[in-house]
Every structure is written in C-alpha cells, then in structure tokens.
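Student: Could we go through this one together, slowly? I would like to start with the inside of the protein and then move on to the metal sites.

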Amino acid sequence: MSYQPEKQLALKIVKQAAKLCQRVQQTQGRKAVQKADTSPVTVADFGAQAILCQGLMEAFPNDPVIGEEDATLLQQPELEGVRRQIIEQVQHSIPAATPEKVIDWINWGNGKVAQRYWTLDPIDGTKGFIRGDQYAVALALVEEGEVKLGVLACPAFPREDNGKGVIFLAIRGQGAVEMPLDGETAQQIKVDPSSNFEQLYRIESVESVHSDRQVQTAIDQRLGLTSIAKQMDSLAKYGAIARGDAHVYTRVPLPQFEGKKENIWDHAAGVIIVEEAGGRVTDLDGKPLDFSVGAKLSNNRGVLATNSVIHSQVLAAIQQEQ
Ligand SMILES: Nc1ncnc2c1ncn2[C@@H]1O[C@H](COP(=O)(O)O)[C@@H](OP(=O)(O)O)[C@H]1O
Ligand SMILES: [Mg+2]
Ligand SMILES: [Mg+2]
Ligand SMILES: [Mg+2]
C-alpha cells in the first residue's frame, strides 16, 4: 500500500490544525482551562481536534477516529466564552462551520479501535504550548494494530535555516522525512547510529511528573551515558531521535503512576517516524507497542525509543534497574 490519499489528507489537515494553534497563541495567548483529571486544555486543543476530525470524517467516513479531546466539558455554562472562541477559530479555517458542527467534529474523535482507525492528539504537550515551548499536532493511521502512517507538526521546532516549524512524516516501508511547516521540500531523515555512550544524548519530558527521572539517570550511569539529558515537550522527542539529535528516549512511569497506561495518541505517530528513520521503539520490557487494544497501551509498560543500535543494551540496563 502506498497510502497516497491518506498522506495528502493527513498533511493538509495537520498543517491546518497547526496554523490554528499558532493563530490562537498569537491572538488569544495561552490561556488554559482544567479538565476533570486536572490537566490543562486550551481553545487550540479543541479547535485543532475539530479541524482534524472534520477532514477525516469527510475523506474517510468509515474509519473510526480516536482523539484525546471530548466536547462534554464545553457544556459547562462558565465555559461559554471558551466555546465561542473555539467556534470562531474553526470558522477561520472552515467558514461553513456552525457551533453544532464544531461540537460534532470534536466528538467524532470518540471512536473505538477497529481493524483500521486513526488516532490523533490535537496538541501533544499542552503544557509546552502554554509555556511557549515545544508542542506537536499528531495524527496516525493504524491497521491491524500496526502504525502505517504518522504525521507530526511541530510549529516551534528549530530548523537548520534558523526558522521554526517542522513536519515529520513516515509511511510504513517508505522511510521518514522532515519538511518545513510552511514548505513542500521533503528531506529524508535517519537516526544517528553511534553506539559510544559517552557521545550519546538521552531525551526526556520537560515535565518531571511524566516520567521517573531518578530511574532514568540510574540507567544512564549503568550505560556510561554522561551527557545531561535533553528535555523537550511532546512527541517532538520522537522527531529529535529520528533526525539524530538524540539517541535514547525513555518514558519510565513514576511509582505513583505505575498502573497508569500511556495513551495511543501520545506515541503512534512518533513510533513510525522513529522506526522508518532506522530506529527502534518498544516498551521497557522490549515488547512492541500494541495499538490493537484500545485508547491506552494496556499491554505495555513505559516506552523506550532508540537509534536501534543500542536498543538491547539499554533494555538490559533497564531490567537491572527494576
Ligand atoms: N503522569 C503522567 N505520566 C505519563 N504521561 C503523562 C502523565 N501526565 C500526562 N501525561 C501525558 O504526557 C503528554 C505530554 O508528553 P510529554 O511529557 O512528553 O511532553 C500529555 O499529553 P497532552 O499534552 O496531549 O495532554 C499527557 O497525555
Ligand atoms: Mg498528548
Ligand atoms: Mg493533547
Ligand atoms: Mg491533554
């Protein structure tokens, strides 16, 4: 399968969604409201999910979509202003949008896992978005539990030409590329296959409660990895591994979140981008991430992404630390 129609649509809507996020940041700032689990969500998260879902619904009406956000929260009367801003922002991209349609589009992302489905994170790294750091719009196509296509728009990702804004794209069997967010020139990307731990970089979340830094540092020491870990919000970390800026990404759950499983949309697009760039992604026990069970990676524990060359050595060090 070449997945050309899927690729064209995915690129188009991810770019549209990223534009909405940039516009919200410029015009409305980075205000957030709290979800039931106390995590933040913004006008841009909801607006970007509406745009992504509308495009998928129109082009692939039979494919279920599993997205992070849900419009239930917006029924609260005190969020009337937020709801209005979301609708205005979506109308900017899709003039025919009505309030009812926008809510329906957001909720189109409440689908269930099927033989073929899409998963999306309208903003991964909402905390990064609010801080003015990295964030990503993430979209992936999954078939038979395997990611077949992944697109990541990272509007704040630094480019070699000193500009900002990168899209990472991978299709199974076709390699991984990066391109400027507002351009067309695709450039093949590859992991850096170095294996001398003294020269390698690990990358981790900026948020200290999203992974166990103590265990991660102990793993570094076992491996002889001496550099200070790079920190970056969102799935952009997978992009950094795929283009050779870093070599190891560990996501070790903190003891207090041991039973809390990772969301499929926080990983799917990144996994294929790293794999197609020559890297490897498993959980902390060396098992492939299983995208066939639901919205959570229920059959997996944590995540390890590497340049592939050092993967088994890192897994061995992880086993010794558990
Ligand atoms: N305690 C926790 N452990 C692991 N991941 C968590 C977490 N709390 C939140 N997250 C997830 O971490 C994601 C951000 O990833 P990162 O830490 O790599 O920047 C969040 O995505 P959203 O920002 O889309 O909500 C959220 O799903
Ligand atoms: Mg996320
Ligand atoms: Mg999100
Ligand atoms: Mg969130």
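Student: What does valine 90 touch, not counting residues up to four places away in sequence?

Tutor: Valine 90 touches Leu20, Gly47, Ala50, Ile51, Ala97, Val102 and Trp105, where contact means heavy atoms within 4.5 Å. Before we go on, please note that this is a predicted model, in which local features need pLDDT of at least 70, side-chain atom pairs count only at pLDDT 80 or more, and totals for chains, interfaces and linings use all residues. Residues are numbered from 1 along each chain as its sequence is written, chains are lettered from A and ligands numbered from 1 in the order in which they are written, and side-chain values use heavy atoms, with hydrogens and water left out.

Student: OK, and how many residues does the largest nonpolar core have?

Tutor: That core has 53 residues, and those with the most contacts inside it are Ile86, Val90, Val102 and Trp118. Helix H1, residues 4–28, contributes the most to this core, with ten residues. A nonpolar core here is a set of buried Ala, Val, Leu, Ile, Met, Phe, Trp, Tyr and Cys residues joined through side-chain atoms within 4.5 Å; buried means under 20% relative accessible area, exposed over 50%, and partly exposed in between, with a 1.4 Å probe and protein chains only. Helices (H or I, at least four residues) and strands (E, at least two) are DSSP runs, numbered from the N terminus.

Student: Switching to the metals: which residues are the protein donors of the magnesium ion (ligand 2)?

Tutor: They are Asp121, Asp124 and Asp266, each through OD, lying 1.9 to 2.1 Å from the ion. Donors are N, O and S atoms within 2.8 Å of the metal (3.2 Å for Na, K and Ca), and water is not among the atoms, so sites may look incomplete. Aspartate 121 lies in strand E4 (residues 116–124) and aspartate 266 in the loop between strand E12 (248–251) and helix H8 (268–276), so the pair ties together parts that are 145 residues apart in sequence.

Student: Are those two aspartates buried or exposed?

Tutor: Aspartate 121 is buried, at 0% relative accessible area, and aspartate 266 also counts as buried, at 15%.

Student: And what about the magnesium ion (ligand 3), which donors does that have?

Tutor: Its protein donors are Glu68 (OE), Asp121 (OD) and Ile123 (O), at 2.0 to 2.1 Å. Aspartate 121 bridges this ion and the magnesium ion (ligand 2), which lie 3.6 Å apart. Isoleucine 123 is buried, at 1% relative accessibility.

Student: Now the sheet. In what order do the strands of the open sheet come?

Tutor: The open sheet has seven strands in the order E3-E4-E5-E6-E7-E8-E9, with mixed pairing; two strands pair if DSSP finds at least two bridges between them. Strand E3 (65–67) and strand E9 (187–188) stand at the edges with a single partner strand each, so one side of each has no neighbour in the sheet.

Student: How do E3 and E4 pair?

Tutor: They pair in the parallel sense over three bridges, and glycine 67 stands opposite leucine 120 in E4.
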